[in-house]
Number of protein chains: 2
Amino acid sequence: MERFRQLSPSEFFYRNREIAGFSNPARAVYQTIRELVENALDAAETHGLLPEVRLNVELEADGKVRIRVEDEGVGISPLEMPNAFGRVLYGSKYVLRQSRGVFGLGVKMAVLYAQLTTGQPVKVRSSVRRASFVYEAEIAIDVERNLPIVKRLEVERNESRWHGTVVELVIRGDWSQARGRVEEYIKRTAMIAPYANIFAYGPQLLLEFNRSSTKLPPTPAVGKPHPRGVDVELLRKLIEEANKNSTLEEFLTENFDGVGPITARKFCEWAGFDANKKVRSLTIDEIETLAVKMQAFEGWRRPKPSTLSPLGEELLAKGVKEVLKPDFVTAVSRPPSSYAGHPFIVEVAVAYGGGIPLSEEPLLYRFANRIPLLYDEGVDVSMKVVKRIDWSVYKVKFPSQLAVVTHVCSTKVPFKGVGKEAVADVPELESEIEAGIRECSRRLRSYLSRMEKLMEARKW
Amino acid sequence: MERFRQLSPSEFFYRNREIAGFSNPARAVYQTIRELVENALDAAETHGLLPEVRLNVELEADGKVRIRVEDEGVGISPLEMPNAFGRVLYGSKYVLRQSRGVFGLGVKMAVLYAQLTTGQPVKVRSSVRRASFVYEAEIAIDVERNLPIVKRLEVERNESRWHGTVVELVIRGDWSQARGRVEEYIKRTAMIAPYANIFAYGPQLLLEFNRSSTKLPPTPAVGKPHPRGVDVELLRKLIEEANKNSTLEEFLTENFDGVGPITARKFCEWAGFDANKKVRSLTIDEIETLAVKMQAFEGWRRPKPSTLSPLGEELLAKGVKEVLKPDFVTAVSRPPSSYAGHPFIVEVAVAYGGGIPLSEEPLLYRFANRIPLLYDEGVDVSMKVVKRIDWSVYKVKFPSQLAVVTHVCSTKVPFKGVGKEAVADVPELESEIEAGIRECSRRLRSYLSRMEKLMEARKW
Ligand SMILES: Nc1ncnc2c1ncn2[C@@H]1O[C@H](COP(=O)(O)OP(=O)(O)OP(=O)(O)O)[C@@H](O)[C@H]1O
Ligand SMILES: Nc1ncnc2c1ncn2[C@@H]1O[C@H](COP(=O)(O)OP(=O)(O)OP(=O)(O)O)[C@@H](O)[C@H]1O
Ligand SMILES: [Mg+2]
Ligand SMILES: [Mg+2]
């Protein structure tokens with residue numbers, strides 16, 4: 001007889017941690033650092049602060065690795081600390097706004113990994129802006145019940161008026177195998193965030209990236225869902241929460257991005273709905289029809305890109321220049337586009353020569369919401385595009401010193417897994433990436449032609 | 001100010017359904033069918049029953065697709081039906097035993113998809129063996145609270161003494177784009193399960209695979225964890241549940257696979273623990289040391305393969321022959337191995353000529369726990385091995401009619417994602433796959449040499 005069981009989300013991700021990137025002792029070190037650094041950067045950028053991030057790695061006796069990340073970001077309230085660090089699927093990034101974090105899972109995976117390899121809780125120290133106190137807690141996770149266990153909580157006066165967060169954990173991991181990837185990850189983070197101060201110290205690791213720009217990209221704003229991306233469940237829930245006298249027109253204008261009364265009425269007319277009908281009186285069949293019609297209607301305004309925060313061509317080119325030191329670099333920030341109601345912007349840079357290593361294929365640097373992606377390029381949409389481009393058309397002959405940098409920003413990057421390593425080949429996204437790469441490559445071709453002519457002129 | 005929120009597991013997987021394979025309307029049809037068919041096959045095989053599985057697909061008005069899967073498996077009790085179909089992370093396959101299902105998520109993803117595209121609940125009809133009644137329910141999911149909503153429940157007398165389950169859902173999906181993949185999936189399922197009756201009917205779909213063998217592979221047994229795979233959290237929890245007078249020796253022999261009193265005492269001596277110490281008196285530091293020592297000890301017995309159910313060379317070769325109709329086929333079932341305490345067996349078949357299409361590369365058919373894997377071969381361990389083999393060593397010249405079939409059985413297949421499409425390159429697994437492929441390829445080489453000689457002989 002089959003024995004049934006309910007798993008809590010913490011049990012589920014504990015048992016299936018490899019799916020979140022914690023697949024072996026080296027990868028676990030890499031993923032732990034990533035989750036902490038990405039949280040630290042979000043904590044600054046999402047709040048208009050220039051990031052200050054400091055990573056420290058220390059090897060302890062018998063294979064333990066102590067990982068500490070400090071930031072001067074927005075900080076976290078002591079009321080939220082236990083759940084934010086000790087309850088899986090808890091977070092502040094479930095809103096429609098571009099950020100690195102999206103799942104409410106990242107730091108908890110690192111806390112779980114520390115707990116299962118060393119039994120040690122995470123140490124969190126934080127103070128929010130203008131706060132009089134600094135709070136420090138040791139937090140573990142009750143895996144069966146998905147609840148935080150606060151093992152210690154201390155408060156001290158915030159004499160220096162510091163704000164930010166320090167997160168420290170001890171895991172068992174393979175630093176020697178992870179070191180190279182961590183270094184690459186930090187370098188690429190500096191490439192995509194030239195306005196950030198990022199320091200990384202550890203055994204055979206000393207990286208100091210001082211910001212080369214004090215210009216922070218625009219802070220993304222929280223947005224409303226776009227009508228193109230609705231589904232029956234979302235509609236049903238929004239209708240349930242709606243005022244019981246709301247008309248369909250009011251419902252549409254209040255809940256969706258870029259829908260004004262005129263567009264709402266135009267839609268209702270096209271879809272065959274009465275704009276004045278009380279939205280709470282719709283049957284489930286009518287809600288289903290409404291969802292289908294909203295997805296199909298061609299008259300919606302394009303999704304607002306105010307929820308996004310692209311780097312812009314200047315910053316992207318600057319970051320690539322600083323880190324790769326090429327002879328030539330060009331960047332493009334494509335116009336906003338969208339898929340399934342989610343706005344996105346593709347940014348591409350192409351760099352050539354100089355400090356770029358010689359290679360038989362283009363060196364692809366992939367980014368999504370400013371996160372460097374180092375694994376699984378075999379199933380990534382950018383790699384798919386790069387592989388099918390005939391580079392000879394752009395005067396590139398291999399082996400060559402060619403680097404392609406792709407950056408996808410979206411309120412929902414179509415990641416292939418919770419480990420955030422590869423981006424799925426959504427058609428709208430794929431065509432924007434191709435357009436961006438070709439646009440930059442045409443400029444590269446002009447540069448290479450000019451260089452060719454210069455070479456010939458010198459012969460004479 | 002950041003607004004924090006807790007997501008239920010159903011909300012999480014609803015929002016991130018692409019990560020579970022529901023990434024677009026065509027893929028959703030494929031994944032829905034997969035989840036239902038895999039459950040139907042488990043329901044028979046895990047209970048020593050020969051599978052009878054019938055898939056029906058019907059297109060309805062305005063883009064809806066009705067999917068129905070019927071089986072004559074073990075059935076499901078009406079007490080478990082609501083949670084099994086309406087509560088995410090609920091299932092009967094969280095035990096250490098080979099099965100297709102592992103996450104307690106599959107059918108709920110399909111139910112969620114139906115709910116969000118058509119608002120319609122799943123219809124489940126089931127009867128367990130020797131039951132007097134057949135139960136039929138319509139179940140939806142309360143997404144916010146992760147609870148089932150039973151919309152209808154009917155009972156009728158089980159006149160025909162039928163046992164099994166019927167699952168029916170209506171989703172919005174792209175059947176024309178999915179059809180080809182579904183057909184391939186069903187064919188490959190028949191290849192790996194030649195003892196099953198599998199019928200699939202739908203628009204441009206008519207497949208009837210009658211079993212070519214009545215020999216069912218051994219039913220896997222539920223096992224205990226292997227000491228090699230422990231972690232601090234697992235030990236802490238097992239110790240908490242242990243009898244308060246249990247000694248360390250008793251604790252080890254009662255909770256772990258293949259640990260008898262002699263091995264337990266040998267381990268304690270090697271690790272520097274007192275075998276008679278009350279296990280509940282261990283401190284967290286001692287538990288951590290215990291975990292590290294248990295992972296490192298070389299004296300454990302190999303994991304028992306009784307939790308596995310390999311096809312065996314005869315059945316595998318038979319299945320490949322039936323479906324691919326090659327001139328030559330050979331199969332090998334490697335001896336049991338393990339990684340991180342999880343036993344696994346790799347089975348490989350290599351087929352040549354006959355009905356196999358001509359191709360520039362080997363055609364790779366991947367399976368894990370008898371599930372055909374059709375996507376993401378770019379990050380799959382079997383593809384990684386196949387790509388690095390120099391096939392000319394085995395007398396294969398491309399283009400060629402060569403098929404390689406790999407089957408990984410384990411209590412925990414290292415899938416790269418909850419969508420179960422690719423297997424990660426765990427070193428022990430990778431080397432077994434390579435050994436299996438080379439073993440079969442050597443036999444292929446002998447065959448090709450014999451054919452070569454025959455050809456030459458004919459010339460004379
Ligand atoms: N360094 C930090 N400073 C301020 N807040 C933080 C910091 N680290 C974590 N948090 C808060 O804790 C929450 C949970 O973090 P966690 O990494 O688990 O999830 P996430 O970042 O929201 O999503 P993801 O799983 O994609 O990383 C965050 O949403 C954020 O509100
Ligand atoms: N056709 C069926 N016959 C009998 N039991 C079934 C059937 N389909 C589902 N079940 C039961 O419902 C449970 C939940 O199924 P579900 O597909 O959600 O999870 P799973 O199969 O355990 O794991 P996975 O998410 O990997 O598929 C199963 O564990 C099984 O006990
Ligand atoms: Mg995070
Ligand atoms: Mg299942």
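This is a predicted model: local features need pLDDT of at least 70, side-chain atom pairs count only at pLDDT 80 or more; totals for chains, interfaces and linings use all residues.
## Empty space in the model

Rolling a probe the size of a water molecule over the atoms shows where empty space is left. In this structure there are six cavities of 30 Å³ or more, and the largest cavity has a volume of about 600 Å³. Its lining is made up of 38 residues, and those closest to its centre are Asn39(A), Ile76(A), Ser92(A), Lys93(A) and Phe4(B). Sorted by class, the residues that line the largest cavity are 17 nonpolar, 12 polar and nine charged.

Several elements of chain A take part in this lining, for helix 2, strand 3 (64-71), helix 3, strand 4, helix 4 and strand 8 (164-172) each supply at least two residues. The element that gives the most to the lining of the largest cavity is helix 2 of chain A, with seven residues.

## Ligand 1 in the largest cavity

Ligand 1 sits in the largest cavity, and its position is between chains A and B. There are 23 residues around ligand 1, of which Ser92(A), Val102(A), Gly106(A), Lys108(A) and Lys420(A) come nearest. The shell around ligand 1 consists of 10 nonpolar, eight polar and five charged residues. In chain A, helix 2 (25-45), helix 3 (81-86), strand 4 (90-91) and helix 4 (106-118) each supply at least two residues of this shell.

Some distances between ligand 1 and the protein can be followed atom by atom. The side chain of Lys93(A) has an N or O atom 2.9 Å from an oxygen atom of ligand 1, while a polar backbone atom of Leu105(A) is 2.8 Å from an oxygen atom of the ligand. At Val107(A), a backbone N or O atom lies 3.0 Å from an oxygen atom of ligand 1. Taken alone, ligand 1 exposes 590 Å², and the protein buries 97% of that area.

## Ligand 2 in a pocket

Where does ligand 2 sit? Ligand 2 sits in the second largest pocket, and this pocket has a volume of about 690 Å³. The pocket is lined by 42 residues, and Phe4(A), Asn39(B), Ile76(B), Ser92(B) and Lys93(B) lie nearest its centre. Two or more residues of this lining come from each of helix 2, strand 3 (64-71), helix 3, strand 4, helix 4 and strand 8 (164-172) of chain B. Helix 2 of chain B provides the largest share of the lining of the second largest pocket, namely seven residues. By class, the lining of this pocket holds 20 nonpolar, 12 polar and 10 charged residues.

The site of ligand 2 is shared between chains, because residues from chains A and B surround the ligand. Ligand 2 is surrounded by 23 residues, and the closest are Ser92(B), Val102(B), Gly106(B), Lys108(B) and Lys420(B). The shell around ligand 2 divides into 10 nonpolar, eight polar and five charged residues. Helix 2 (25-45), helix 3 (81-86), strand 4 (90-91) and helix 4 (106-118) of chain B each give at least two residues to this shell.

A polar side-chain atom of Lys93(B) lies 2.8 Å from an oxygen atom of ligand 2, and a backbone N or O atom of Gly104(B) lies 3.0 Å from an oxygen atom of the ligand. On its own, ligand 2 has 590 Å² of accessible area, of which the protein covers 97%.

## The second largest cavity

The second largest cavity has a volume of about 100 Å³. Among the 14 residues that line this cavity, the closest to its centre are Glu45(A), Thr46(A), Gln98(A), Pro220(A) and Arg370(A). Its lining divides by class into four nonpolar, six polar and four charged residues.

Technical notes
Residues are numbered from 1 along each chain as its sequence is written. Chains are lettered from A and ligands numbered from 1 in the order in which they are written. Side-chain values use heavy atoms; hydrogens and water are left out. A residue is near a molecule or strand if one of its heavy atoms lies within 4 Å of it. A polar contact is a pair of N or O atoms within 3.5 Å; within protein, one must be able to donate a hydrogen and the other to accept it, and residues adjacent in sequence count only if both atoms are side-chain atoms. Accessible areas come from the Shrake-Rupley method with a 1.4 Å probe; for residues, only the protein chains shown count as cover. On a 1 Å grid over the protein atoms alone, a cavity is a set of points where a 1.4 Å probe fits but cannot get out, and a pocket is an open set with protein on both sides within 12 Å along at least five of seven lines; lining residues have an atom within 4 Å of a point. A molecule sits in a cavity or pocket if more than half of its atoms lie within 2 Å of its grid points. Helices (H or I, at least four residues) and strands (E, at least two) are DSSP runs, numbered from the N terminus. Ala, Val, Leu, Ile, Met, Phe, Trp, Tyr, Cys and Pro count as nonpolar, Asp, Glu, Lys and Arg as charged, and the others, Gly among them, as polar. Grid points are joined across faces, edges and corners, and a volume is the space filled by probe spheres set on the points.
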